[in-house]
Amino acid sequence: MLHTGHESTDGTDGGELAVPMAWLYAEYIADELLRTGDLMPPTSFEFRAGRDALALTVFLSDTDGELSGIRVISQLENWLSLTAYDQPWRDWVRARMAELTERAAGSDAPDPDLALAADAWRWLEETELLAPDLDAVPGGGMFGEDDGPKVWTPAWRLGLPLGHLAIHLF
C-alpha cells in the first residue's frame, strides 16, 4: 500500500513513502491471537515463530489484498484449515510467495509488504529452535515438561502449531 506524501506547492509530486500496511496488519492480528491465547511469553523465540507463521498465513491468505478488520472473524476457519497438522502449509507458503514475487516483478515499485513477509519466511526456515521431540516414542518413559528428549526444529515447525492453537483458543 502506498501512502502519498503531501504534494509540493509547485505542483510536482512530493514523493511517495511505501508503508507495508498489509504485512503490519497481518502481524498485528497474529500478535493479538497469540497474546490472547497466552501460550508463551511474548519475548520468547517461540512466540516470534508463532507470530511469524500466523502472520504469513494471514497475509498470504488475503488474495484480494483488502484484509479488513471486519473480515478477521470470518477468516478464522480458513486460517485454522491452512495451519492444520495434515495440511502442506510449507508448500502453500512457497507457492503463494512465488506467486506474489512474480506479480511484484511486473510492478514499477517494490512491494514492502512482500519484503517483510519474505524476511519472516526466511527466518522461519533458517532458524532452528530447541523443542520437545514430538515424534519421540510414546510410553518410552514419563518426562516432566523440561525433562523429555529435545531436538532442533525449524522455527516454522514450532510456530505453526502454536499459531493454530492460538486461533482455537481465540
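**Close-up 1. Arg103 and Glu99 form a salt bridge in this predicted model.** The N to O distance between the two side chains is 3.2 Å. Both residues belong to helix α4. They sit 4 residues apart, so about one helical turn separates them. Glu99 is partly exposed, with a relative accessible area of 37%. Side chains of opposite charge can pair when their charged atoms come close.

**Close-up 2. Glu27, Arg48, Arg51 and Asp52 belong to one network of salt bridges that share partners.** By the rule applied here, the model has 9 salt bridges. One of them joins the side chains of Arg51 and Glu27, at 3.8 Å from N to O. This pair connects distant parts of the chain. Arg51 lies in helix α2 and Glu27 in helix α1, 24 residues apart.

**Close-up 3. Arg48 and Asp52 pair within helix α2.** Their side chains meet in a salt bridge of 3.5 Å, N to O. The two residues are 4 residues apart, about one turn of the helix. Arg48 is partly exposed, at 30% relative accessible area. Asp52 has 2% relative accessibility, and therefore counts as buried, the cut-off being under 20%.

**Close-up 4. Asp113 is buried and has no salt bridge.** Asp113 is part of helix α5. Its nearest side chain of opposite charge is that of Arg103, 11 Å away. What lies 2.8 Å from a polar atom of the Asp113 side chain? The backbone nitrogen of Trp23 does.

**Close-up 5. The largest nonpolar core holds 39 residues.** Leu33, Leu56, Trp79, Trp89 and Leu124 have the most contacts inside this core. Elements that each supply at least two of its residues are α1 (21–37), α2 (45–61), α3 (71–83), α4 (89–105), α5 (112–126), β3 (128–132) and α6 (155–169). Helix α2 gives the most, with 9 residues. In soluble globular proteins, nonpolar side chains tend to be buried together.

**Close-up 6. Leu124 is among the residues with the most contacts inside the largest nonpolar core.** Leaving aside residues up to four places away in sequence, Leu124 touches Ala49, Asp52, Ala53 and Leu56, among others. Its contacts also include Trp89, Pro154, Ala155 and Trp156. Asp52, one of the residues touched by Leu124, is also the salt-bridge partner of Arg48.

Conventions: Residues are numbered from 1 along each chain as its sequence is written. This is a predicted model: local features need pLDDT of at least 70, side-chain atom pairs count only at pLDDT 80 or more; totals for chains, interfaces and linings use all residues. Side-chain values use heavy atoms; hydrogens and water are left out. A nonpolar core is a set of buried Ala, Val, Leu, Ile, Met, Phe, Trp, Tyr and Cys residues joined through side-chain atoms within 4.5 Å. Buried means under 20% relative accessible area, exposed over 50%, partly exposed in between (1.4 Å probe, protein chains only). Contact means heavy atoms within 4.5 Å. Lys and Arg count as positive and Asp and Glu as negative; His and the chain ends are not counted. A salt bridge is a side-chain nitrogen of Lys or Arg within 4 Å of a carboxyl oxygen of Asp or Glu. A polar contact is a pair of N or O atoms within 3.5 Å; within protein, one must be able to donate a hydrogen and the other to accept it, and residues adjacent in sequence count only if both atoms are side-chain atoms.
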